[in-house]
Amino acid sequence: MTAFAPHTDPTILLVPGLDNSGPTHWQSLWERQWLNCHRVDMGNWHTPNRNAWVNRLNIAIRQTEGPIVLVAHSLGCHAVAWWAALERPRAGGKVAGALLVAPPEGQRDGACMEELRNAASPPPQTCGRRSPSPR
């Protein structure tokens, strides 16, 4: 595992999903525990808009100094995937990596409404791989 030098520890940008993350959510706990963790204010937490969320994420990335690790949960994963698809970040750029936790599947997630699937579906090509389902 590669360690960052103390002066280049990455900033962790937390990208919550639908309805943000409550005070006991793991993202909120991380934000309180580590000084280098910062939540991206995606706005419109209850009625997400893909373009608005990607724009807010892009602004947060541009305003952050040094290396960044994006840590997204749920619908925030789709925002990160769309950001990567639209911005096409270069290798060795500001964003050193991303951790995508529990991305929603609109077709299978009963909590996703039709308009949510349309507004925040993942891009057609993502740079991840899904594990095969156990049989």
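Predicted model: local features only at pLDDT ≥ 70, side-chain atom pairs only at ≥ 80, totals over all residues.

Residues are numbered from 1 along each chain as its sequence is written, and side-chain values use heavy atoms, with hydrogens and water left out.

Me: Is glutamine 27 buried or exposed?
Reply: Glutamine 27 is found in helix H1, residues 26-33 (helices, H or I, are DSSP runs of at least four residues, strands, E, of at least two, numbered from the N terminus). Buried means under 20% relative accessible area, exposed over 50%, and partly exposed in between, with a 1.4 Å probe and protein chains only. Because its relative accessible area is 0%, glutamine 27 counts as buried.

Me: Which residue meets glutamate 31 in a salt bridge?
Reply: A salt bridge is a side-chain nitrogen of Lys or Arg within 4 Å of a carboxyl oxygen of Asp or Glu. Glutamate 31 is partly exposed, at 28% relative accessible area. The side chain that meets glutamate 31, at 2.8 Å from N to O, is that of arginine 39.

Me: How many residues apart in sequence are the parts that arginine 56 and aspartate 41 tie together?
Reply: The side chains of arginine 56 and aspartate 41 meet in a salt bridge at 3.9 Å, N to O. Since arginine 56 lies in helix H2 and aspartate 41 in the loop between strand E2 (37-39) and H2, the pair ties together parts whose separation in sequence is 15 residues.
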